Amino acid sequence: MDHPTYPDLHATLQRDGFAFVTADAMRGLLDAATLADWPVFAASWNTLGDDGYLAARGRHRRRRHAVFAATADGAIRHEPHQPHYQSVAYNALQGGIERWFEPVEPAVADGASLQRILAFCRDGFGALAPQVRNWRIEVHQFRIEARADAAGEPTPEGVHRDGVDYVLVLLVDRENIERGTTTIHAPDGRELGQFTLARAFDAALLDDHRVFHGVTPVVPKDPAQTAHRDVLVVTFKAA
């Protein structure tokens, strides 16, 4: 999608249930010049804590988590730290338990970059669901690490839905990584599309009621060097 406007993006989501937005287009939609703290924001992925729930299964992922609330009139509020929960219907691998992750750092949660991204989602998803007056927002910082002897798994639960209304996946960094193709599927399993988040600001927007998504494992280009894929995932659910 080349340089879409908000209406273009809404039309694509309404028609297809998903949209891939290139880095250049996403920079324009976010008004990247307003993201004054982006270098600090991106660097914060270097301090993510281990995802102990996956480490116990031999998979390595780092993450932080935060919850926000938004109202249709524009206010976005950082909520007290709380667990992430999915039912087994949406996550057969790790559903049915409260998972506590380290919180998103306050400087990141309150910083210009994340606040602008949340406002973009509130405006865009809110236009698709004007009847919703209050949103529950979950923010996930993910780092997937890959080694020569172990591919990284961005979606270890496989092709899935998140059990929310809308999802934004924004690539923050991709270092020494190959593969990692996002696939989009209809509820009956048919593949509807695929693309690779390859550059910082490449993004996917999903209507979680209509499509399933997954990401193929990632491997290092140079097996002798460290390799990681950093993404921000933001989910919106009617409160």
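Reader: Which residue stands opposite L205 in β12?

Author: In this predicted model, the residue opposite L205 of β12 is L168. The contact belongs to the pairing of β12 with strand β8 (residues 166-175), which is antiparallel and runs over five bridges.

Reader: With which strand does β12 pair over four bridges?

Author: That partner is strand β1 (residues 18-21), again in the antiparallel sense. Within this pairing, F20 has A204 of β12 as its bridge partner.

Reader: How many residues of β12 are buried, and which way do they point?

Author: Strand β12 spans residues 203-207, and five of its five residues are buried, so that the strand is mostly covered under a cut-off of 20% relative accessible area. A203, L205 and D207 point one way, whereas A204 and L206 point the other way. Residues on either side of the strand are buried.

Reader: Turning to the aromatic residues, how is a pair of rings to be described?

Author: A pair of aromatic rings is described by the distance of the centres and the angle of the planes. The structure holds nine aromatic pairs. One of them joins F18 and F195, with 6.5 Å from centre to centre and 20° between the planes, and this pair is stacked.

Reader: Why does the pair of F18 and F195 tie together parts that are apart in sequence?

Author: F18 lies in strand β1 and F195 in strand β11 (residues 191-196); the pair therefore ties together parts that are 177 residues apart in sequence. F18 is buried, at a relative accessible area of 12%, and F195 is buried as well, at 9%.

Reader: Why is the pair of W135 and Y166 edge-to-face?

Author: The ring centres of W135 and Y166 are 6.2 Å apart and the planes stand at 65°, so the pair is edge-to-face; the cut-off for that class is an angle over 60 degrees. The pair links distant parts of the chain, since W135 belongs to strand β7 (residues 134-146) and Y166 to strand β8, 31 residues apart. W135 is buried, with a relative accessible area of 3%, and Y166 is buried with 9%.

Reader: Which residues form one aromatic cluster?

Author: The cluster consists of W38, F41, W45 and F201.

Reader: Over which rings do the charged ends of R63 and R161 sit?

Author: The charged end of R63 is placed over the ring of F101, 3.8 Å from its centre. For R161, the charged end sits over the ring of F212, at 5.9 Å from the ring centre.

How values were computed. Residues are numbered from 1 along each chain as its sequence is written. This is a predicted model: local features need pLDDT of at least 70, side-chain atom pairs count only at pLDDT 80 or more; totals for chains, interfaces and linings use all residues. Side-chain values use heavy atoms; hydrogens and water are left out. Buried means under 20% relative accessible area, exposed over 50%, partly exposed in between (1.4 Å probe, protein chains only). Helices (H or I, at least four residues) and strands (E, at least two) are DSSP runs, numbered from the N terminus. Two strands pair if DSSP finds at least two bridges between them. Rings of Phe, Tyr and Trp (its six-membered ring) pair if their centres lie within 6.5 Å; planes under 30 degrees apart count as stacked, over 60 as edge-to-face and the rest as tilted. A charge sits over a ring if NZ of Lys or CZ of Arg is within 6 Å of the ring centre and within 35 degrees of the ring normal.
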